[in-house]
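I opened the model to look up its metal sites and one further residue. My entries follow.

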Amino acid sequence: MFILLLYMTMAQTEQVKGELRNWIRASLGLKCLKDGLVEFISKEARKQYDKHVGNTIKTACVKDYTCKSCLPDTLLPYHQVRNGQCNQSNCICSRRKTNSRRICPAGGACGIFYDLITDEHLHKDPFWFNTNFDQWSSENGYFEFIKCFISTPGYKTKSIFSELDALALLSICQNNRKLNLIFQGKGFPDLLEEVMYFYVICHNGMLFFIMSVMQVSFTSRFEIHRKG
Ligand SMILES: [Zn+2]
Ligand SMILES: [Zn+2]
């Protein structure tokens, strides 16, 4: 923000002003997109989470879903318990031999929940690195559940929806089966590509602003010095 204010104060050339206008427009657009998606996705995440927890409780024959002891290195997914086979490309069961894993002590609940998340993913390939397994049954479980649909790393420590950026939210809309169905024909995947493009140029853009500020600042000082 400081850089932006400094830049606005010092920007002198038309080219720089044009870049600034485009930058602000794109940033405001992303902010509106993010605000709208946060509200919608958080409601949908709660609905889906409640449904999957309900099914988990039923299948595991337990009173409630409360396990907080399963981790990616120890959990045995339900499909392994059921038929000993796996057809998922990035499943945790392929990372270590099955006999070094154990069934979730709460009637296999976490393994069942794991498989339900996988089924909810459009390509049956959730991004497990963004979620905390031991918080699936917590109050914030719905958020840990929805983070499994973000296909880029860097969200594991995020704990509230407002900490997710537009890219992550669009990724959820694309990878979550139900959300994908809702948004089908609403500009996907073009919108996602455009937002990704903005994020890539974002860093270059910031660099451009900083360089512009430095350049304008240097030129002004040089001219003042020369006139003096
Ligand atoms: Zn597997
Ligand atoms: Zn468990």
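Is Cys 67 buried or exposed? I find Cys 67 buried, with a relative accessible area of 7%; buried means under 20%, exposed over 50% and partly exposed in between, with a 1.4 Å probe and protein chains only.

Basis: this is a predicted model, in which local features need pLDDT of at least 70 and side-chain atom pairs count only at pLDDT 80 or more, while totals for chains, interfaces and linings use all residues. Residues are numbered from 1 along each chain as its sequence is written, chains are lettered from A and ligands numbered from 1 in the order written, and side-chain values use heavy atoms, without hydrogens and water.

Zinc ion (ligand 2). I listed its donors (N, O and S atoms within 2.8 Å of the metal, or 3.2 Å for Na, K and Ca; water is not among the atoms, so sites may look incomplete). They are the SG atoms of Cys 67, Cys 70, Cys 104 and Cys 110, at 2.2 to 2.4 Å. The site is tetrahedral, with angles of 108 to 113 degrees; for four donors this term requires all angles between 85 and 135 degrees. Cys 110 is also buried, at 1% relative accessibility.

Zinc ion (ligand 1). Here I found His 79 (NE2), Cys 86 (SG), Cys 91 (SG) and Cys 93 (SG) as protein donors, 2.1 to 2.3 Å away. The four donor atoms subtend 99 to 119 degrees, so this arrangement is tetrahedral. Cys 86 is partly exposed at 33%, whereas Cys 91 is buried at 0%.

Last, I checked Glu 120, which is buried at 3% relative accessibility.

Terms used
Tetrahedral: all angles 85-135°; square planar, octahedral: opposite > 155°, others 65-115°.
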